Amino acid sequence: MTLPLVIVNPTSAGGGTAEAWSQIASDLRSQFGAFQNVFTESHGHAMTLANEAARKGVKLIIACGGDGTVSEVANGILSSGKDVELGIVPSGTGGDFRRTLEIPAQSRAAARVLRTGQTRRIDVGRVSYLDHNGAEAMRYFLGVASCGMSTRVIERVKAGAPDWLPVNTPKRLGGRISFGVSMLQTALRNKGTRLVVQLDDEHERNLIVSNLCIANARFFGGGMKIAPEAKLTDGQFDVVGIGDLSALKIFTSAPRVYLGAHLSMPEVSHALARKVVVRPPDRDSEVHLEVDGELPGRLPATFQIIPDALRVRSAV
């Protein structure tokens with residue numbers, strides 16, 4: 001019988017996963033049992049490794065890293081066409097998808113969920129878009145895809161932590177601080193994003209938003225409960241639009257977004273849809289796209305829900 005495979009991203013958590021791997025491996029062995037593991041070497045490598053493992057008959061593939069690693073492993077499984085289960089051992093600064101599955105952040109507790117948790121089928125999103133070279137591309141996503149302010153925040157985060165952070169700042173804390181500072185900087189310079197949006201077979205609508213989110217899961221952006229009513233098994237996206245807010249309004253509304261109490265705000269729209277088409281209002285506008293915390297390309301994009309597409313091991 002083929003052992004479960006753990007795909008480890010050593011650069012996740014700002015390199016903290018490499019430093020913590022011996023302890024994570026010990027927790028996995030003691031709480032879960034025997035496994036094999038492999039380390040990723042570059043961006044996209046986890047997808048390739050997961051695809052190859054699925055085709056070779058591995059029945060449980062475990063992602064050890066942040067949301068980007070989990071998303072890559074899921075894409076590898078889904079693109080293989082094999083019915084392989086996804087497991088998660090969180091080791092990143094965001095952890096948005098594991099929050100929806102109620103998987104603990106600590107490796108020991110997460111390993112226990114791998115042993116005693118439930119296997120469930122969940123929906124996944126599929127998005128077609130233009131990559132950075134203007135070519136048509138497609139990928140799957142587990143959590144949230146978005147455009148607007150979120151893409152500029154992620155661009156700042158990926159550019160690196162603020163120079164004023166002390167050199168001995170813990171890597172996990174440094175990531176959170178960097179994300180918070182990037183949000184503040186982006187909000188101060190934020191301009192509304194013009195979009196044309198179509199939900200299912202409805203008429204197109206012209207919108208000006210701070211952010212538009214197409215959510216399969218509830219959390220994004222390092223713990224924001226952007227889609228508090230989203231369900232992984234309802235066969236629909238939760239489409240959340242946040243209107244063109246001022247910087248002050250963004251600052252004062254942030255606690256409500258983190259708590260998931262923002263849907264009642266007059267500037268926020270919420271709808272359910274199985275298919276969402278989003279494009280710029282004209283060909284000269286370039287609007288970037290965020291998918292599971294990555295920036296793969298730009299609009300126009302078509303989002304479709306795929307019901308019951310993936311088996312995952314979860315705490316609930």
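Select Asp292 to begin: this residue sits in the loop between strand S13 (288-291) and S14. The model is predicted, and in it Asp292 has a positive phi of about 50 degrees, although Asp292 is not a glycine.

Next, select strand S14, which spans residues 294-314 and contains Pro300. Display the backbone from Leu299 to Pro300, where the two residues are joined by a cis peptide bond with omega of about 10 degrees.

**The second largest pocket**

Now select Arg205, Leu207, Gly241, Ser269 and His270. Among the 15 residues that line the second largest pocket, these lie nearest its centre. The volume of this pocket is about 160 Å³. To see which elements surround the pocket, colour strand S9 (205-215), strand S10 (237-243) and strand S11 (268-273), each of which supplies at least two lining residues. Which strand gives the largest share of the lining? That strand is S9, with five residues. Coloured by class, the lining of the second largest pocket shows nine nonpolar, four polar and two charged residues.

**The cavity**

Rolling a probe the size of a water molecule over the atoms shows where empty space is left. How many cavities of 30 Å³ or more does the structure hold? There is one, and the largest cavity has a volume of about 60 Å³.

**A salt bridge between a loop and a strand**

Side chains of opposite charge can pair when their charged atoms come close. The count for this structure comes to eight salt bridges. For one of them, select Asp83 and Arg121, whose side chains meet at 2.8 Å, N to O. Asp83 belongs to the loop between H3 and S4, while Arg121 belongs to strand S5 (residues 118-131), so the pair ties together parts that are 38 residues apart in sequence.

**Two helix pairs**

Two packed helices are described by the angle between their axes and the distance between the axes.

Is the crossing of H2 and H3 left-handed or right-handed? The crossing is right-handed. Show the side chains on the H2 side of the contact, namely His45, Ala46, Met47, Ala50, Asn51, Ala54 and Arg55. On the H3 side, show Thr69, Glu72, Val73, Asn75, Gly76, Ile77, Ser79 and Ser80. By class, this contact of H2 with H3 comprises six nonpolar, seven polar and two charged residues.

For the last stop, select helix H1 (residues 16-31) together with helix H5 (residues 107-116). Their axes come within 8 Å and cross at roughly 35 degrees, and this crossing is right-handed. Which residues of H1 meet H5? They are Ile24, Asp27, Leu28, Ser30 and Gln31. Their partners in H5 are Ser107, Arg108, Ala111, Arg112, Leu114 and Arg115. Colouring by class shows four nonpolar, three polar and four charged residues in the contact of H1 with H5.

Definitions and conventions
Residues numbered from 1 in each chain as written. Predicted model: local features only at pLDDT ≥ 70, side-chain atom pairs only at ≥ 80, totals over all residues. Heavy atoms only, no water. Axes fitted to C-alpha atoms, helices over the stretch in contact; angles between N-to-C directions. Helix = DSSP H or I, 4+ residues; strand = E, 2+ residues; numbered from the N terminus. Left-handed = near helix turned anticlockwise from the far one by under 90°. Contact = heavy atoms within 4.5 Å. Nonpolar A, V, L, I, M, F, W, Y, C, P; charged D, E, K, R; others polar. 1 Å grid on protein atoms, 1.4 Å probe; cavity = no way out; pocket = protein on both sides within 12 Å on 5 of 7 lines; lining within 4 Å. Points joined across faces, edges and corners; volume = space filled by probe spheres on them. Salt bridge = Lys/Arg side-chain N within 4 Å of Asp/Glu carboxyl O.
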